[in-house]
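Thanks for sending this one over. Here are my notes for you to read beside the coordinates.

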Amino acid sequence: MIGRIHSIDTFSTLDGPGIRTVVFMQGCHLRCKYCHNPDTWEVKSLSAQEYSPEELMEVIKRSKPYFLASGGGLTFSGGEPLLHDDFIKAVFLLCREENISTAIDTSLYVKPAALLKVLPLTDLVLADIKHINEEKSRCLTGMSNRLNLSNLKLIDSHDIPIWIRYVIIPAWTDALEDLEEMAAFVGQLEHVERIDLLPYHSLGKHKWDLLGLNYELNGVTAPSPEALEQLKNIISAISGKPVYLK
């Protein structure tokens, strides 16, 4: 069994609790207009590195002392990691043997069967909500959000802790009625522990240029700290969940 890996970050503090090794898998069905890693889209990219579960575990185990000291562990990200569900399941089984905590950072635009395959071995799900409005989701990502939202309910029904991630893009994802609807939806999910609001940035635009892709968000600027604070308070009040600015 081989996993196609875009890159590995061995000392992350941004992708779950504690110090974590983050494995970015190759491949994604979405075409988000703000994606800062469009080089992860193609599953069969020639730049991907191939690992067996055992080879990857040798890399992961090097950071085990940091995991134990900080409450960290392994996070699979991407791209969309759940396109590699069998590989992730195999690695997570090895993590169980090593007492290493496991997390998945996912957009959840995958078949429920892929999700169900790894949930019993997953300690935390970092779940993106791209947009709560279906048509706006299609415009922003190329896909309806129905699968994403139904998979969120599925995770919640399995009592798995969830951290929600939502990118604030001025004039795209910050309409008050959409944020209120998103907050109400998340408020119904019992196992959501927090909502992270991520301000839009264009730091990945150079990758679009290198790949010859048309970046459609030219001219969009980052939301102001004042606007973010206001949105944070609104979402927290409606959802009843802790909201953090990242």
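The points below go from the sheet to its helices and then to one residue.

1. A word on the basis: this is a predicted model, with local features requiring pLDDT of at least 70 and side-chain atom pairs counting only at pLDDT 80 or more, while totals for chains, interfaces and linings use all residues. Numbering starts from 1 along each chain as its sequence is written, and side-chain values rest on heavy atoms, with hydrogens and water left out.

2. An open sheet is built from 9 strands with mixed pairing, ordered β3-β1-β2-β4-β5-β6-β7-β8-β9. The edges belong to β3 (49-51) and β9 (243-245); each has a single partner strand, so one side of each lacks a neighbour in the sheet. Strands here are DSSP runs of E with at least two residues, and helices are runs of H or I with at least four, numbered from the N terminus; two strands pair if DSSP finds at least two bridges between them.

3. Within the sheet, β2 (residues 20-25) and β4 (residues 73-77) run parallel and are joined by 5 bridges. Val23 sits opposite Phe76 in β4.

4. Helix α7 (residues 176-187) packs on the sheet, touching β7 (162-168) and β8 (192-199), and its direction makes about 175° with that of β7. Helix α9 (residues 225-239) lies across β7, β8 and β9, at about 160° to β8. Angles run from 0 to 180 degrees between N-to-C directions, with axes fitted to C-alpha atoms, for helices over the stretch in contact; contact means heavy atoms within 4.5 Å.

5. Leaving aside residues up to four places away in sequence, Ser63 touches Thr10 and Thr21.
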